[in-house]
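Subject: Structure handover

Hello,

Here is the structure I said I would pass on. My notes on what was found in it follow below.

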Amino acid sequence: MNRSSLLGIVLFACATPCAFAQVPNTAPDATPRTNNPVPASVRLPQNGEQRMAAMDRNGDGALSEDEYEDAMRRAFRDLDADRNNRVSPDELASASAPQQDGMVSPADRIRSADLNTDGELTEEELVRGAEQAFDRLDTSNDDALDLGELKSGGG
Ligand SMILES: [Ca+2]
Ligand SMILES: [Ca+2]
Ligand SMILES: [Ca+2]
Ligand SMILES: [Ca+2]
């Protein structure tokens, strides 16, 4: 499996406006973030700091595997517009930033994590890809991603 493209599929959610910006922070266990607040006007978390703020639910400045996986599950639900529990290339394309030169196409991003090669991603396929990416990014092996480790993944 192409590791760089796998990473792309895992991180695509962070570059899409749908994934985090529209998710109300209403979970009962959510701790109010006191640092790195993301202004509501920011629709496209483009840098590592914004991605961290969007995913770091307890505000400790690092991403636990649970926080990372939870963000991927939320992203999946946002991406799956027709609620058939699969993300198609069209759904991914419509949720992503406009295609630009050098960007991996939505179909290719799905292929990189598409374990059963049906051309679409289930939640399990997305989360499994995310887990692999998490382990790879966590170069300090402390089961948390700090900002530097997150940025090393393309942020
Ligand atoms: Ca955290
Ligand atoms: Ca779908
Ligand atoms: Ca699949
Ligand atoms: Ca780490």
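I start with a residue in a loop. T117 has 7 C-beta neighbours inside 10 Å, so it counts as exposed. T117 sits in the loop that runs between α5 (106-111) and α6. Its phi is positive, about 50°, although T117 is not a glycine. Please keep in mind that this is a predicted model.

D143 also has a positive phi without being a glycine, in this case about 60°. The loop between α6 and β2 is where D143 is found. With 13 other C-beta atoms within 10 Å, D143 is partly exposed.

Overall layout

The protein chain holds 7 helices and 2 strands. Followed along the sequence, their pattern is α-α-β-α-α-α-α-β-α. The chain has 155 residues, of which 34% count as buried. Taking the contacts between residues at least 6 apart in sequence, 61% join residues at least 24 apart.

Helix α3

Helix α3 covers residues 65-79, which is 15 residues. Which residues of α3 are buried? They are Y68, A71, M72, A75, F76, D78 and L79. These residues cover an arc of only 165° around the axis, which means that they lie on the same side of α3. As background, an α-helix has 3.6 residues a turn, so residues three or four places apart point the same way.

The buried residues of α3 pack against several elements: α2 (48-55), β1 (63-64), α4 (89-95), α6 (123-137) and β2 (144-145).

The nonpolar core

The largest nonpolar core has 24 residues, and the members that touch the most others in it are Y68 and M72. Two or more residues of this core come from each of α2, α3, α4 and α6. Its largest share is the 6 residues from α3. In general, nonpolar side chains in soluble globular proteins tend to be buried together.

What does Y68 contact once its neighbours within four places in sequence are left aside? The contacts of Y68 are then M55, L63, A130, F134 and L145.

α6 has 15 residues and reaches 21 Å from its first C-alpha to its last, close to the 21 Å expected at 1.5 Å a residue. Its buried residues are E125, L126, G129, A130, A133, F134 and L137.

Two packed helices are described by the angle between their axes and the distance between the axes. For α3 and α6, the axes come within 10 Å and cross at roughly 145°. This crossing of α3 and α6 is right-handed. On the α3 side, the residues that meet α6 are E65, Y68, E69, M72, R73 and F76. Their counterparts in α6 are E123, L126, V127, A130, E131 and F134.

Helix α2

Is α2 largely enclosed or largely open? Of the 8 residues of α2, 6 are buried, so this helix is largely enclosed by the rest of the structure. The buried ones are G48, R51, M52, A53, A54 and M55. They pack against β1, α3 and α7 (147-152).

A53 lies in this helix, α2. A53 counts as buried because it has 21 C-beta neighbours inside 10 Å. A53 and L63 are 10 residues apart along the chain, and their C-alpha atoms are separated by 9.5 Å.

One more loop residue

S88 belongs to the loop between α3 and α4. Buried or exposed? S88 counts as buried, because 20 C-beta neighbours lie inside 10 Å.

Regards

Key: Residues are numbered from 1 along each chain as its sequence is written. Chains are lettered from A and ligands numbered from 1 in the order in which they are written. This is a predicted model: local features need pLDDT of at least 70, side-chain atom pairs count only at pLDDT 80 or more; totals for chains, interfaces and linings use all residues. Helices (H or I, at least four residues) and strands (E, at least two) are DSSP runs, numbered from the N terminus. The expected span of a helix is 1.5 Å times one less than its number of residues. A residue is buried if 20 or more other C-beta atoms lie within 10 Å of its own, exposed if 12 or fewer, and partly exposed in between; C-beta atoms are placed from the backbone. The arc is that of the directions from the helix axis to the C-beta atoms. Two residues are in contact if their C-beta atoms, placed from the backbone, lie within 7 Å. A nonpolar core is a set of buried Ala, Val, Leu, Ile, Met, Phe, Trp, Tyr and Cys residues joined through C-beta atoms within 7 Å. Axes are lines fitted to C-alpha atoms, for helices over the stretch in contact, and angles run from 0 to 180 degrees between N-to-C directions. A crossing is left-handed if the near helix is turned anticlockwise from the far one by less than a right angle, and right-handed if clockwise.
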